[in-house]
Amino acid sequence: MTLFPRTGVIYRNDNLPVLRQFADESFDLVYLDPPFFSDRHYEVIWGDESEIRSFEDRWKGGIGHYIDWMRPRLEELHRVLKPTGSIYLHCDPHASHYLKVAMDSIFDADNFRNEIIWHYYNKMHDRRKKMFPRATDTLLFYVKDARANFTFNQLKERRDKPVRQLLRTKRDGKMVNKKDAQGHVQYKVSTERVMDNVWRIPALQPAASEKLGYPTQKPEALLRRVIEASSNRGDVVLDPFCGCGTAVAVAHLLKRQWVGIEISPTAIDIITARMGKIGAVVEIENGIDTVEDLKGLAPREFQNFIIKRVYGTHNPRRPEFGIDGFSFMEQLPIEVKQQEHVGRPVVDKFETAIRRYGAHKGYIIGFTFTPGAYEEAARARSEGLEIALIEVKSLFEVAREIVPRPSASQLEADLYQAVRVRLATQGPEKVTSRPRVSVEDLASSDTST
Ligand SMILES: C[S@@+](CC[C@H](N)C(=O)[O-])C[C@H]1O[C@@H](n2cnc3c(N)ncnc32)[C@H](O)[C@@H]1O
């Protein structure tokens, strides 16, 4: 099926099948910031053991395996780019040379424009490493066809110090210095210069106002340059590895149309909140609408979804208590199980955990429960401890009724409160006398950029 992509949409999926659906020559500009080969934690942002395993499986063939994974995506991006379009591939030094070879073969070396060096001069460095601190990423800039009338808007940047420049003029067919009536050479003071391929933009610091807590978030200033240079108002920008949505947010602010693809529902929640704050309406395609959708999620994504669905918060000390999260108002323990037939042993273990925690009630949320699980919950109730067994499907039927439904403004406050707390304390581990952590905190808890 060929799709003329609707704009203002984030597709929740692996980008390869989504790209394959898009019609040829649909986009004016593509920016992509894929998981780097060097950083095995990129895709395991949520720190789940089984995700770590599947990620390592994917790259166990080394760089060749990584390029094999990237190549079909780059081929699709070539196909969906307009003949006048441009693409910026954001990469790091471990893979940039391999990716350049792949890009040369797909986009043609003649269509290579620049290797842009993003110099983030303000990043903390590990002084124990016996090497020069790394302070750059690379963006490979190609156009689809260098002979076509592709968009390129020359950008200027402020000079560190203003300089005096000689004024020149043409006399008798030759360029000469311009002089005034008294014969003095004329100057102009220049405060700007044409932007070159070394972009000095600070990396986002923990206290930066635009920081959302997503580990791989890029600065808006970087995306502003890409989008201003290679697109015009109304053009369509695609980011197939959206992360927390920096490219689509900047595209919206610069009055471009945009389309995003992102595999992580947790990231999509952050994008939705971010876009809402700048007045953009976001449509999520292939969102989580049914119980079946949930079965395919990675374990930590599943947990994030459920905790958010009941307006709960994550437990920052999960290993200590054996509790995944807490309900919205009463802060009662929640255990989330991505499985059918949750049985007696799970209830038994949870009972121990909530007794140790000191609560009188708790919730286990799973797809289905065995009769043994219900018997165990009934026994606990006879001893004064209530363990509510909640089937996931009931969260879709009577959505969000297991805890009192908060107002929209409470929700908004809840979403951003945790971010503010984290910014103030620089890390979820210091947040808490009470365990209150949002998806953003969770995202930032395993950061590795
Ligand atoms: C490096 S981050 C992008 C960060 C982004 N530039 C920002 O500023 O927030 C890469 C993102 O790609 C997503 N991702 C990884 N594999 C993907 C795939 N096959 N399809 C779509 N998204 C994917 C990850 O979930 C992650 O959010």
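The protein has 15 helices and 18 strands, and keep in mind that this is a predicted model. Of its 449 residues, 36% are buried. Take the contacts with a separation of 6 or more: residues 24 or more positions apart account for 68% of them.

Let's start with the open sheet. Nine strands line up in the order E10-E4-E5-E3-E2-E11-E12-E1-E13, and their pairing is mixed. At the edges stand strand E10 (198-200) and strand E13 (283-285); each has a single partner strand, so one side of each is left without a neighbour in the sheet. Going from one strand to the next, the twist averages 20 degrees.

Strands of a sheet pair through backbone hydrogen bonds, in either a parallel or an antiparallel sense. Here, E10 and strand E4 (residues 112-119) pair in the parallel sense, over three bridges.

Helix H4 (residues 96-107) touches strand E3 (81-91), E4 and strand E5 (136-143), and its direction makes about 5 degrees with that of E5. Helix H5 (residues 220-230) touches strand E2 (27-32), E3, E4, E10 and strand E11 (236-239). The direction of H5 makes about 155 degrees with that of E2.

Why does Asn149 count as exposed? Asn149 has 8 other C-beta atoms within 10 Å, and a residue is called exposed if that count is 12 or fewer. Asn149 is 64 residues from Gly85 in sequence, yet their C-alpha atoms are 9.1 Å apart in space.

Next, the ligand. Its surroundings comprise 19 residues, and the closest are Asp33, Thr216, Phe241, Gly243 and Thr246. Sorted by class, that shell has eight nonpolar, six polar and five charged residues.

There is a helix pair to look at too. Helix H7 (residues 265-277) and helix H9 (residues 299-309) have axes that come within 8 Å and cross at roughly 45 degrees, which makes H7 oblique to H9. On the H7 side, the contact is made by Pro265, Thr266 and Asp269; H9 contributes Glu301, Asn304, Phe305 and Lys308. The residues of this contact divide into two nonpolar, two polar and three charged.

Finally, head for strand E16 (residues 333-336). In a regular strand, side chains alternate between the two faces of the sheet. Both faces of E16 are covered, with Pro333 and Glu335 buried on one side and Ile334 and Val336 buried on the other. Strand E15 (residues 325-326) pairs with E16 in the antiparallel sense over two bridges, and the bridge partner of Gly325 in E16 is Ile334. These two strands form a hairpin with six residues between them. In the turn, Gln331 has a positive phi of about 60 degrees. E16 also runs parallel to strand E17 (residues 361-366), joined to it by three bridges. For that pair, look at Glu335, whose bridge partner in E17 is Ile364.

How values were computed. Residues numbered from 1 in each chain as written. Predicted model: local features only at pLDDT ≥ 70, side-chain atom pairs only at ≥ 80, totals over all residues. Near = placed C-beta within 6 Å. Nonpolar A, V, L, I, M, F, W, Y, C, P; charged D, E, K, R; others polar. Pairing = 2+ DSSP bridges. Helix = DSSP H or I, 4+ residues; strand = E, 2+ residues; numbered from the N terminus. Axes fitted to C-alpha atoms, helices over the stretch in contact; angles between N-to-C directions. Contact = placed C-beta atoms within 7 Å. Parallel < 35°, antiparallel > 145°, perpendicular 65-115°, else oblique. Buried ≥ 20, exposed ≤ 12 C-beta atoms within 10 Å, placed from the backbone.
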